[in-house]
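Please read it beside the sequence and the model.

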Amino acid sequence: MSCCGGSTSCGSSKPKVVTGSSISNRKGIELSFEDEAASNVNISTSTTTTKSNSSCCSSNSNSGSSSAGGCCKSSTSAPTSASNDSCCKSSPSTKEIKINEEESNKTIISSDATEINSETNTVNTFKGCPSETPSAGSEPVCSSCPGKTACQSQSAAGNPDKRDIEIRMKVIKHKILVMSGKGGVGKSTVSSLLAYGLSCGSGKQKVSVLDVDICGPSIPKLMGVESKQIINSEYGWMPPKTPNHEIKVMSVGSLLNTPDSPVVWKGPRKEAMIRRFVKDTFWGKQDYLIIDTPPGTSDEHLSIIASLKNCNPSGAIIVTTPQDLSVSIVKKEIKLCQELHVPILGIIENLSGYVCPCCDEVTEIFKSDGGRKLAEQYNIPFLGKIPIDTNLGRCSENGKCGVCEHPTTPGVLAIQSIVENLEKILNKPQ
Amino acid sequence: MSTDAKQLVQPPPEHCPGTESETAGKSAACAGCPNQQICSTAPKGPDPDIVEIEQRMKTVKHKILVLSGKGGVGKSTFSSQLSFALAMNQDTQVGLLDIDICGPSIPKIMGLEGEQIHISGQGWDPVYVQDNLAVMSVGFLLEKEEDAVIWRGPKKNGLIKQFLKDVFWSDLDYLIVDTPPGTSDEHLSIVQYLKTSHIDGAVIVTSPQDVALIDVRKEINFCKKVGIPIIGVVENMSGFVCPKCTKESQIFLPTSGGAEQMSKDMNVPFLGKIPIDPLIARSCDEGKSYLITFPESEATKQYKLVFDKILNSVDTKQ
């Protein structure tokens with residue numbers, strides 16, 4: 001049964017071409033908006049079936065799109081667009097990119113049947129399924145799995161985007177994932193504050209942010225790039241920059257026609273989008289790439305970790321609130337990092353205490369110290385606590401840099417201390 | 001033969017019309033695809049599992065989804081308090097289904113950590129908090145609390161299908177379904193599998209912040225697209241009363257008017273606001289019912305008002 005959410009408003013609008021620019025001869029990555037193959041999408045409870053509008057986005061990638069057109073006279077040997085971006089000042093041929101709400105039944109068949117261990121009535125969670133390893137489909141445990149043939153063909157083909165991704169990521173010094181597992185603990189807020197903190201700090205680092213939360217992209221709002229668009233150029237996708245500090249931000253939020261459009265995609269489609277973000281975005285030379293993730297331990301996390309596998313990511317920062325409920329879910333994320341061999345740089349405890357603006361009384365709304373205790377339990381560095389700070393909250397809602405606007409507020413002081421601790425850990429001799 | 005069991009020899013290519021669609025194997029895009037033979041010859045038709053799910057759901061009078069789009073706004077807290085409140089009447093049979101596969105909070109909030117399910121002749125037995133309150137979650141299927149369920153979409157969908165198909169709920173007046181944040185596999189599958197079993201409606205939970213409302217608007221549009229009636233929107237974590245000076249302040253600022261304004265703009269009912277009370281978080285951590293433990297608090301009063309509105313809406317539509 002194909003379904004995506006009954007995308008009845010899957011429109012047929014074509015991408016707007018910026019007037020005055022010629023389209024590059026080089027066939028870059030294009031998101032085509034017309035899909036000849038319609039799919040039946042009907043999940044409404046009405047009895048009449050409706051065929052969805054056949055126009056929907058499907059990516060039409062051509063290979064070799066990441067190499068530069070020849071403008072970049074970089075000293076690096078690889079003649080790619082991932083070189084110093086300051087040379088690309090000539091306006092590249094551009095095309096705005098938008099996506100429409102679309103069907104998403106490009107499922108890769110894998111086991112739908114859950115393996116329940118009949119003796120213990122427990123599920124086989126991760127151990128035993130080698131789908132993310134080179135031996136996918138070939139292990140003894142794969143023999144009865146319906147996904148065996150799909151895994152075997154995928155592992156044989158290898159990852160064709162690997163080289164492109166490595167080229168892009170090679171010129172980014174530190175790639176840091178911000179993860180949690182639990183929703184609403186402040187991953188996106190912490191990602192944006194870390195980005196601002198690193199940019200404003202004494203080192204004045206070059207920072208970019210990648211938002212791989214496909215369903216709930218908060219980063220464009222928090223960083224003030226809501227109305228800005230991604231431009232498709234011959235060097236790749238040019239992400240919009242923040243008004244403060246010109247931080248590059250890539251998010252699916254910047255690709256939506258309207259901010260209220262839901263992105264109702266199944267896992268494989270999200271994976272494809274994330275891989276394109278990593279492969280096709282023109283970041284240029286950066287000191288930091290902060291990657292904001294959604295809650296959970298699922299497709300997005302597996303995809304981003306797999307995409308960065310050969311690019312030496314620095315590690316993950318885990319965000320939690322002090323509450324037991326949050327900590328119990330966050331432990332799963334720690335387990336995921338351990339299973340997939342992602343180093344954990346540290347734990348941040350967010351929403352840690354609220355200072356009443358009238359009487360300065362501190363109330364621990366979500367308990368206290370849960371993050372620190374978790375760090376001790378797993379022997380992970382504790383990077384710091386961030387209190388609930390309404391000044392910072394207001395700045396975030398307005399897409400402004402809280403670090404610049406309120407340099408002495410408790411939240412900002414906490415962020416600055418966390419940034420210092422993080423830099424110490426990253427620059428520690430191995 | 002279930003359509004899920006079709007085995008492709010290669011992952012579907014870029015322009016695939018959908019391996020389970022009517023034109024699978026027959027469209028222009030299928031020429032040259034190694035799966036073409038399989039797609040064109042595999043039987044298509046209604047999924048027999050959905051028929052089984054319909055049978056199971058015949059004994060469930062009302063099904064209510066608790067959605068948000070945004071994480072951490074209090075969906076699980078709200079679902080659990082609603083279930084506790086409904087089950088306070090001993091004659092009401094209540095079920096709580098947690099389809100958040102990656103981050104199952106319900107076992108902890110309901111005080112059922114460490115419990116396991118049993119498989120009987122009638123199916124999977126849910127775990128009972130009390131005689132008239134049954135709970136099912138992937139949390140009961142884990143060996144250890146910190147075990148992570150690192151599954152991709154299709155596998156999560158399979159488990160959700162089994163929750164609906166194989167769990168022996170028996171006769172229920174209300175089945176509350178707690179969902180994870182987002183608009184993805186879990187949401188699509190619950191809507192798809194309950195397609196013929198009639199969902200009474202969805203309660204959308206949010207916090208007052210703009211950042212939350214962006215995602216919640218998407219969720220409301222998702223519900224409208226897939227045809228789920230919206231019972232209403234609840235604004236959670238709305239206002240904090242300082243225990244020392246008793247003045248109210250807004251921790252999560254409603255910069256653009258909060259959920260009430262958003263509900264007006266999107267033409268959906270607004271059910272009410274629940275204030276922040278640190279005792280709610282403590283009750284969740286301890287696995288106790290906040291309404292029973294603190295019956296006189298302001299938040300309990302607001303919860304009850306919201307629950308009454310939900311029941312009126314659901315019972316009137318019957």
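In chain B, helix α8 (residues 258-266) lies across β8 (201-206), β9 and β12, and runs at about 155° to β9(B). Contact here means heavy atoms within 4.5 Å, and axes are lines fitted to C-alpha atoms, for helices over the stretch in contact, with angles from 0 to 180 degrees between N-to-C directions. Helices (H or I, at least four residues) and strands (E, at least two) are DSSP runs, numbered from the N terminus.

The model is predicted: local features need pLDDT of at least 70, side-chain atom pairs count only at pLDDT 80 or more, and totals for chains, interfaces and linings use all residues. Residues are numbered from 1 along each chain as its sequence is written, chains are lettered from A and ligands numbered from 1 in the order in which they are written, and side-chain values use heavy atoms, with hydrogens and water left out.

**Sheet of chain B**

- The order β5-β6-β2-β7-β1-β8-β9-β12 describes an open sheet of 8 strands in chain B, with mixed pairing; two strands pair if DSSP finds at least two bridges between them.
- Since β5 (127-130) and β12 (270-273) of chain B stand at the edges with a single partner strand each, one side of each is left without a neighbour in the sheet.
- On average, neighbouring strands of this sheet are turned by 20° against each other, direction ignored.
- Strand β9 (residues 230-235) of chain B runs parallel to β12(B), joined by 3 bridges, and Glu235(B) stands opposite Lys273(B) in β12(B).

**Sheet of chain A**

- In chain A, 7 strands form an open sheet with parallel pairing, in the order β10-β7-β11-β6-β12-β13-β16.
- Its edge strands, β10 (248-251) and β16 (382-385) of chain A, each pair on one side only.
- Strand β6 (residues 172-179) of chain A has 7 of its 8 residues buried (under 20% relative accessible area; exposed is over 50%, partly exposed in between; 1.4 Å probe, protein chains only), so β6(A) is largely enclosed by the rest of the structure.
- With strand β11 (residues 286-292) of chain A, β6(A) pairs in the parallel sense over 6 bridges; His174(A) has Tyr288(A) as its bridge partner in β11(A).
- Strand β13 (residues 344-349) of chain A runs parallel to β12(A), joined by 5 bridges; Thr320(A) has Glu349(A) as its bridge partner in β13(A).
- Helix α11 (residues 410-426) of chain A lies across β6, β11, β12, β13 and β16 of chain A, at about 175° to β16(A).

**Aromatic pairs**

- Rings of Phe, Tyr and Trp (its six-membered ring) pair if their centres lie within 6.5 Å; planes under 30 degrees apart count as stacked, over 60 as edge-to-face and the rest as tilted. By this rule there are 9 aromatic pairs over all chains.
- The ring centres of Trp237(A) and Phe277(A) are 6.1 Å apart and the planes at 75°, so the pair is edge-to-face.
- Trp237(A) lies in strand β9 (residues 236-238) of chain A and Phe277(A) in helix α5 (residues 267-280) of chain A, so the pair ties together parts that are 40 residues apart in sequence. Both Trp237(A) and Phe277(A) are buried.
- The rings of Phe78(B) and Tyr303(B), with centres 6.3 Å apart and planes at 45°, form a tilted pair.
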